[in-house]
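Me: Got a two-chain model here that I'd like to talk through. Can you take my questions one at a time?

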Amino acid sequence: MEGMAGQKSSLAWAVNISAFLLVLLWTIPTLGLFVSSFRDRDQISTSGWWQSFSGSVQTGFVRSGTADDQVQEGDLYVIEGSALEGTQELTSWGTNARQPDANAPGDTVELEPGIDLTVTEDGAYRMTSAQPFEMRRGERIFTTTLSPPAFTVDNYNRVLTAGGLGRAFMNTMTVTIPATVIPILIAAFAAYALAWMQFPGRALLTACVVGLLVVPLQVALIPLLRLHNELGIGKGYLGIWLAHTGFGLPLAVYLLRNYMVGLPREVIESARVDGATEFQIFRRIILPLSFPALASFAIFQFLWVWNDLLVATVFLGNTREQLVMTGLLRELMGSRGGEWEILATSAFISIAVPLLVFFAMQKYLVRGLLAGSVKGG
Amino acid sequence: MELLWLAVSTIAIGVFGCVAWFWGSNWLLDRIYPPRGARAGDNIRRANQIRPWLFLGPAILFLSTYLVYPVLDSFWRSLFNSNGSQFVGLDNYVWLVNDGKFRESMLNNMAWLLVVPALSTLFGLLAAQLTDRLKWGNIGKSLIFMPMAISFVGAGVIWKFIYEYRASGETQIGLLNWIVTQLGGEPQIWLTLPMWNNLLLMIVLVWIQTGFAMVILSAALRGIPEETIEAAILDGASPLQVFFKIKVPQIMGTIAVVWTTITIVVLKVFDIVFVMTNGQWGTQVLANLMYDWMFRGTPDYGRGSAIAIVLMILVTPIMVWNIYNARKEVR
C-alpha cells in the first residue's frame, strides 16, 4: 500500500484511528478488572473503575452541634465543629437534602434571619447567631468530598493469604500439568503412525480423528462418570486427568499429524535405509523436528484445561478441598456477589497465569491455530 | 505441597508408563520377529504390519473410551427413563419437543448461531485488515487476541463489571449503565431484560472469539497474491473495492473455516450462561439445560442424555463436512 500512502494520508489516519478504537474496545473490559482489583470495597461500590484515576466523589451528611455546644464570643453565639472525618477535601456542601451541593466551600449561608453558617474547605463549620441557640437537634450539613485516587494491594494480600484461592491455585496446577503432558506423548506416537507408517485403514482412522474433533464433550459426561465409578476411579484427580487426556487427544493427533506429514521425506527415508528402527526415527528425528507443533498443542491444552469449568465440576467435585480456580470464581460470583474486591482480585489472579503463557508463547499459539484451521483456504 | 508431589509423581509415572509401553512393545516385537537371520525379510514385513498398532494403541484406546463409547452410551441411555430402569423408546425426545424450556434453549442456541459467528468473523476480518500494515499492528493484534486466553468464567467476572446495575440516582459502577445514564437514559438491569440479555451474553463470546478469527484471517489476507491487488489498484480500484471485490472473495474458504469453527464453540456454549444468568430470564441454552437435568436436584439421565444427543446431532453436519474436506486433502 506504500504507493497509495502518499496520496491518501487521510485514509492512513482513518485506519490508524479505527484500529486504535477497536483495540481499545477489546482491552477495556480486562483493564477494568485489573484496575478494580487494586481498589478497596468502598471505592468499588461507590464509583466506577474508570473514575478511580480522578479520585472518587463521596456524599454524606452530619448534624452540627446543638444548643448545648454553643460558646459565646463577644456578642455572638457560636457553634463550631468539623463536618468531615480525616483529611478529605470538601468540594461543595448544602443544608437542603434536595440541593446537597448548593454551596461552595467558604460560602456563608443565612439559615434563618440572624443565623449564619459557614463551611470551609477543610470541613470546619461555624454557625453564628446574635441570639443564643435553642435547638435540640443539630442543623443538617450535606457534604460532597473528593478522595484522591488511591490504589491498594490489600486485596491481593487478603486473597493470597486467606487460603481458599491458594488451595484452588494448587488444585488447578495439579489438574493442568499432567493433563497437558500425557496427551502429548500418546498423541505424538499416534500422529507419527498416521503420518509415516503404511497400514490398512490409515485414511479411515485419520478421518475418524477429524470427526471426533467436534464431539461435544457434554455427551461424554454421564457415561464417563458412571464408567469411572464402575472402575473404582470415582471422582478425583486420576479421573480428571484421564478425561482431559481423552478430550484433548483428537486435536493433539490432528495437529501433530498435519505437522509431521510436512516433514521432509528424504530425512526419514534415508534413516530407514541406514537401518534405523521406527522407534529410533521417531525419537531422534521426528520428535525434535516437531517441537513447534508439540509446543502449540501444549499451549492449547494448557489454556483449555486451566480455563475449564465443566469437566472440573463434573469429574472433581465441588468441595472446598477439590475446587479449582474457575469453580472458586463461580462460587464467589454466586454466594458473595457483594464482595467485589475479592471477586475482582481472585479473577485477575486466575487469568494471570494463562495471560502470561499467552504473551510468552503467542508465536506457537498462532502457528498451531493456523496449522489446525487453515484448510482449503 | 502434597498435591504438588502427587502431580509431579503422576507426570513421572504417566511419562514413564507411556515410554515403557512404546519402547517395551517395540522391543518385544523385535524379539519375536528379529529383523535378521534366515527369515529377516519375512520378519520385517510382519513386524511392520503390527508396529503401527503399537504406536496407535493407547490413542485408539483413549479415543474409543472417552469419545466414541460415550456417544453410543448416551444414545442408548436416552431411550430409558430417569434412572435407567425402564425402556421408554423415544418418549424423552417427544417430551423434549413439547417442553417449553427446551424450545427456548433451541431458539436461543439458534440466535447464538446466527449472531456470534457472524459478528466474530466480521470483527476479526475488520481487525485483521485494519492492523495489517500498521507499525503498532502486532501489539494491537496481541491485545485483541488476548481474551482467547481468558476463561469463560473469568470473562463472566470481567463483564459483570460492565453490566452491573445500580438504582437510578446512585453512581453507576457498571460501565454500560454509566454510559447510558451519561447519555440521559435510565439504568437497566441488563441481564434480566428479555432479548437484550441474550445479546449481551453473546457479546462476551464475540469478545473472546474475535481474536481467533483475526489471527486466521490475517494469515489468509497475507497469503493473497500481491499481483491481484496491484492489478486492481492500477485499474483504479478504491481501497474499499480492493478489500471487498479482490481480497474477500479470495479468502472465502478461510472465512468458511473460521465460521464453522466458531459455530462449534457456540453450539457447546455453557460456562458463560452458567455463571452469568444460569439460564434464568429466558437465556437458557442447550448445554446448560442438559447440565440442569443431569446434575441439579433429582438427576434425570434419560432426558439429560436426550439433550446431549440433540447437541451431537447439531454438530454432525459440520463433522461430515470436516471429514469430507480432510479426505479430499489426503488424496
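Me: How many salt bridges does the rule find across the interface of chain B and chain A?
Reply: This is a predicted model, where local features need pLDDT of at least 70, side-chain atom pairs count only at pLDDT 80 or more, and totals for chains, interfaces and linings use all residues. Residues are numbered from 1 along each chain, chains are lettered from A in the order written, and side-chain values use heavy atoms, with hydrogens and water left out. A salt bridge is a side-chain nitrogen of Lys or Arg within 4 Å of a carboxyl oxygen of Asp or Glu. Across the interface of chain B and chain A, the count is 0.

Me: What area is buried between chain B and chain A?
Reply: Buried area is the accessible area (1.4 Å probe) that two parts lose on being put together, summed over both. Carbon and sulfur atoms give 80% of it here. The total between chain B and chain A is about 9,900 Å².

Me: Which helix gives the largest share of the side of chain B that touches chain A?
Reply: Helices are DSSP runs (H or I, at least four residues), numbered from the N terminus. The share in question is 21 residues. They come from helix H2 (residues 40–77) of chain B.

Me: Is Asp300(B) buried or exposed?
Reply: Asp300(B) lies in the loop between helix H13 (286–295) and helix H14 (301–330) of chain B. Its side chain reaches the backbone nitrogen of Gly302(B) at 3.2 Å. Buried means under 20% relative accessible area and exposed over 50%, with partly exposed in between (1.4 Å probe, protein chains only). Because its relative accessible area is 9%, Asp300(B) counts as buried.

Terms used. Helix = DSSP H or I, 4+ residues; strand = E, 2+ residues; numbered from the N terminus. Polar contact = N/O pair within 3.5 Å; in protein donor to acceptor, adjacent residues only side chain to side chain.
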